[in-house]
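Please read these notes with the structure open beside you.

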Amino acid sequence: MRDQQRLYKLMGKYMHDDPKKRQRQRGPIKQPLERHIYSVDESEVFGMDCDKEEIIKLLLSDDANDRHWSGISIVGNGRIGKTTLAKLVYNEQRVSHHFGRKAWVDVPDDFNRVTESILEFLTLQNGDLEEEYDDLDRYRFLGLDQLGSKLQNCLERKRFLLVLDGAKQIPSPEGGLALRSALIYAANGSCIILTARNEDIARCIIVTALNEDIARMMYAVGTFRMEPLSEEKCWPIFAKFAFGDQNLTLDTQLEVIGKEIVQMCHGLPSSVRILGSLLRFKLQQEEWEAILKRLKPSSDSREDSRENVNAVPNLIPPEDLKRCLAYCSIFPQDYEIEKEKLILLWMAEGFLYSHQKTMEEASRSFDKLKSFFQQSSGNESSFLMCMNNLAAYNVSTRYCFRLEDSHPSQIPLNTRYLSLVGGKYENSVIFEAIDRAKLLRTFLLLDHESRQLCATELQNLLSKLQFLRVLSLSHYHITEIPDSISNLVHLRYIDLSHTPIKRLPESVCELYNLQSLILSNCHSLTELPENTSNFVNLLNLDVSGTGLSEMPKGMHKLRKLELLPCFVVGKKGGSALKELCYSEIKLRGTLRILKLQNETYEAGADDIAWGLVGLEELVLEWDENTADPENARKVLAGLRPSYTRLKRLTISFYCGPKFPEWFDGSKTFCMVFLRLSNCKSCSTLPSLGKLPKLRVLIIECMDAVKEVGPDFSAETSTWKNTEFKSLERLTFEGMSKWTKWVPLNVLPCLQQLCIRRCPKLRGNLPKELPLVERVEISESQELVTALTTEESLKNLLYRDRIVSISCDGKET
């Protein structure tokens with residue numbers, strides 16, 4: 001601790017005396033998570049400047065700083081721009097500069113999870129790994145008191161800005177209490193910004209979270225009501241998206257029609273923007289008139305045109321994809337769904353052309369409808385069902401029904417596609433619904449409520465669904481599936497995720513049309529049916545989070561398989577992995593291969609694991625106690641993936657003495673994320689400096705590494721000044737024997753450097769890090785001691801960015 005204090009005293013000597021001036025020069029810390037997920041293109045935002053400045057003025061005011069907490073609610077109708085306004089404020093430099101901690105949370109339906117969500121965000125924001133790789137499951141097993149205690153430690157004496165986006169209901173007392181007990185530890189001047197459609201819900205959440213006196217809250221809470229834009233402000237937005245930056249002389253009649261179209265948007269900027277994009281560079285008057293005709297309500301319609309304003313964005317879906325759009329009406333408003341899942345559902349229902357037999361081909365159909373959805377702010381591969389009314393407005397949805405606080409008698413007899421949303425229905429209610437709709441093709445459970453279903457009821461259910469193509473029993477408390485499931489010969493999609501199912505009957509392998517089998521988080525499931533290879537049409541097999549000890553043989557027969565998130569190598573049949581990798585199968589997306597110590601094959605030196613060619617992410621994992629380093633080396637050498645698509649690679653518990661030649665970067669130019677974890681027998685690191693697109697590098701628990709030198713950077717005359725040219729985040733952690741680092745003098749793009757639990761490391765840091773925002777040194781006392789010399793600090797141009805973390809997790 002004395003050395004740490006001396007370090008900061010010396011650093012203070014070399015920094016400007018005025019801390020405010022020093023902070024202005026350094027600028028706000030922009031975390032990668034915020035920059036990539038919550039950014040907004042301000043050139044495409046209109047009419048929010050005044051509200052943005054007013055909120056920022058309130059946040060930074062002396063009045064707010066004198067208060068412990070303030071609350072600001074942004075309320076308004078759907079898609080009017082509440083989230084966009086919050087993002088503009090959240091990303092403003094002045095705001096980032098003002099607050100010591102920031103967090104953005106999409107409010108979950110279960111308010112008890114808000115504290116957990118905040119912790120996860122703060123972990124991702126300041127942690128070691130990118131969001132896709134950090135293991136956050138540990139929070140999900142903690143009670144509310146424990147979560148509150150952890151959040152207290154994160155916020156203690158920090159001025160905190162919390163954005164709660166998309167609140168839909170009044171919070172539970174338990175969730176509010178857990179959050180409130182943590183927030184009281186934040187510093188004065190902290191603030192909550194909350195977006196919601198309902199002002200009462202917004203105020204209730206803020207009061208619950210802060211537990212302030214109601215009268216005081218009326219003074220402390222600012223409410224910003226988002227109002228529709230005027231037609232005068234809407235027209236420039238429409239013109240920008242319809243004509244781009246081209247300086248066109250607008251036809252008078254086209255302008256008249258355009259302004260009528262804008263009038264039908266009723267001031268919603270999102271609708272104006274989508275309509276403008278829809279008509280981009282289409283200058284034929286007939287096309288504009290067709291759009292206007294679609295927008296205008298029919299003469300016999302009793303509804304005011306303003307009632308149909310939500311139909312504006314989804315105007316003219318392609319004729320061949322109308323059923324795809326109509327199908328989306330079974331999902332509730334703002335329901336978030338992964339793109340791949342939606343495509344698989346469309347394929348299972350036969351909505352796509354017969355020639356679109358692969359995921360890549362089918363995804364082109366989704367791309368044609370992409371403007372009909374809103375991309376999720378937290379996951380680039382997920383989308384929100386935010387424009388369902390359009391499907392009801394322009395395409396037939398008479399076959400679709402959501403059982404959502406509705407009585408089964410309201411279900412039309414011709415319903416084909418049924419979803420269950422919310423509502424804790426008795427099983428008798430569900431059976432009554434099925435009895436009315438005898439020709440169901442989709443039975444889809446959309447909430448995560450655990451439901452009981454005894455064996456007799458399940459047998460009865462399946463007997464009534466002989467035309468079914470999509471069956472979801474996710475989160476049902478069922479332990480087995482009856483043999484009679486084989487009678488559902490039309491089934492193409494089965495979701496049994498999050499169930500305590502112990503086995504699948506062999507008869508399920510008679511479902512030759514099956515395209516998706518989802519068994520994720522079925523922890524009691526220990527094996528797949530012996531004849532799994534009969535699923536010759538299978539596209540998606542998800543066994544992640546199960547208790548499987550091995551994959552069945554014959555995997556190479558699943559020639560259409562594209563999505564396989566997890567593969568478990570068994571002791572009896574290591575060749576199953578070889579069959580997978582060297583077959584006609586072309587996997588895509590993410591693959592995690594577990595228990596690689598059971599694999600024994602060795603591939604030729606020039607072989608590529610062709611089954612891995614289409615992957616974007618690959619995780620290779622041995623068990624911790626693997627004891628055959630030579631076999632591990634051969635296996636890793638044989639798993640050389642193609643470099644054309646692979647962007648993310650993680651290797652854990654590899655026990656070989658060194659990494660294979662393919663690992664040195666000459667054939668993996670697209671990789672952007674690399675993590676080497678617990679490879680305890682490797683005494684040297686591969687030459688990773690050759691990876692020109694690598695942005696995130698994490699090296700942890702490499703106990704045999706004593707020195708990291710030029711070989712690691714691949715510094716040669718050929719690669720001069722190009723080593724790690726894109727690297728933004730570099731983390732070394734748990735390197736117990738590491739003593740010496742000879743770094744490059746310059747890492748041109750590095751923004752975050754973390755050295756944690758490297759107790760023997762002495763020596764130098766890179767001299768020049770022109771873009772660095774944070775250098776964290778934690779539990780590395782020798783390095784801290786070495787940096788206490790004046791000479792060492794003089795050589796570091798970024799000495800004011802160094803932060804030392806004490807053993808109890810606090811910055812010193």
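The points below take up cysteines and salt bridges in turn.

1. Please keep in mind that this is a predicted model. The values quoted in this note are computed from it.

2. How many disulfides does a search of the whole structure find? The search finds zero.

3. Cys 522 has a relative accessibility of 0%, and Cys 566 has a relative accessible area of 5%. Both values call for the label "buried", because that label applies under 20% relative accessible area.

4. Salt bridges are present, and the structure holds 23 of them. The next points look at some of these pairs one by one.

5. Asp 367 forms a salt bridge with Lys 339, and their closest N and O atoms are 3.6 Å apart. This pair links distant parts of the chain, 28 residues apart: Asp 367 sits in helix α20 (residues 359–369) and Lys 339 in helix α19 (residues 339–349). Are the two partners buried or partly exposed? Asp 367 is partly exposed, with a relative accessible area of 42%. Lys 339 is also partly exposed, and its value is 24%.

6. Glu 621 and Arg 592 form another salt bridge, with the closest N and O atoms 2.9 Å apart. Arg 592, with a relative accessible area of 38%, is partly exposed.

7. Which strands hold Arg 675 and Glu 700? The side chains of these two residues meet in a salt bridge, at 2.5 Å from N to O. Arg 675 lies in strand β22 (residues 673–677) and Glu 700 in strand β23 (residues 696–700), so this pair ties together parts that are 25 residues apart in sequence. Arg 675 and Glu 700 are both buried.

How values were computed
Residues numbered from 1 in each chain as written. Predicted model: local features only at pLDDT ≥ 70, side-chain atom pairs only at ≥ 80, totals over all residues. Heavy atoms only, no water. Disulfide = S-S within 2.5 Å. Buried < 20%, exposed > 50% of the residue type's maximum accessible area, 1.4 Å probe, protein only. Salt bridge = Lys/Arg side-chain N within 4 Å of Asp/Glu carboxyl O. Helix = DSSP H or I, 4+ residues; strand = E, 2+ residues; numbered from the N terminus.
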